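Reader: Hi! Could you walk me through this one?
Author: Happy to, here it is.

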Amino acid sequence: SVQQGAVCGSVAGAVAAALTTPLDVVRTRLMLGYAQTFSTLREMLRTEGPSCLFAGVWPRVGWMAIGGFIFFGVYEQCVRTLLALQGGVARPGEAGGEAGGAADGAAGRPAGRAD
């Protein structure tokens, strides 16, 4: 469903943002003119401690969660709208759709349709 896609996108965005925040913090420091990646990381850990790698994590997680919710929600709605315009063919695995799998080439096409 559209809501399920939006929620999954939100969770995926939040997790990805949280896990990559340390890389983003180091990248930002490098852009500010610090030396090299590992020397910058080492200096940050020595002077500020490990928590500095998660500076700004909550605003970033919130921003990416909202973005994922909107992006995947809109994507799912567009897919549904385009499929309805195409003749109401449901995607494999959805209610009313084909069984999916190897029989249809695993390409998301209805069985028996050769594009």
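Reader: Thanks! Among contacts between residues at least 6 apart in sequence, what share join residues at least 24 apart?
Author: That share is 57%, where a contact means heavy atoms within 4.5 Å. This is a predicted model: local features need pLDDT of at least 70, side-chain atom pairs count only at pLDDT 80 or more, and totals for chains, interfaces and linings use all residues. Residues are numbered from 1 along each chain as its sequence is written, and side-chain values use heavy atoms, with hydrogens and water left out.

Reader: Got it. How many helices and strands are there?
Author: The protein has 3 helices and 0 strands; these are DSSP runs numbered from the N terminus, with helices being H or I of at least four residues and strands E of at least two.

Reader: Which residues of α3 are buried?
Author: Val 57, Val 61, Ala 65, Gly 68, Gly 73, Glu 76, Val 79 and Leu 83. Buried means under 20% relative accessible area, with a 1.4 Å probe and protein chains only.

Reader: And what do they pack against?
Author: The buried residues of α3 pack against α1 (2-31).

Reader: Nice. What comes after α3?
Author: Gly 87 follows α3, and its phi is positive, near 130 degrees.

Reader: Switching topic: is Thr 40 buried or exposed?
Author: Thr 40 is buried, because its relative accessible area is 2%. Thr 40 sits in helix α2 (residues 37-48).

Reader: Which residues does Thr 40 touch?
Author: Leaving aside residues up to four places away in sequence, Thr 40 touches Arg 29, Leu 30, Tyr 34 and Ala 35.

Definitions and conventions: Buried < 20%, exposed > 50% of the residue type's maximum accessible area, 1.4 Å probe, protein only.
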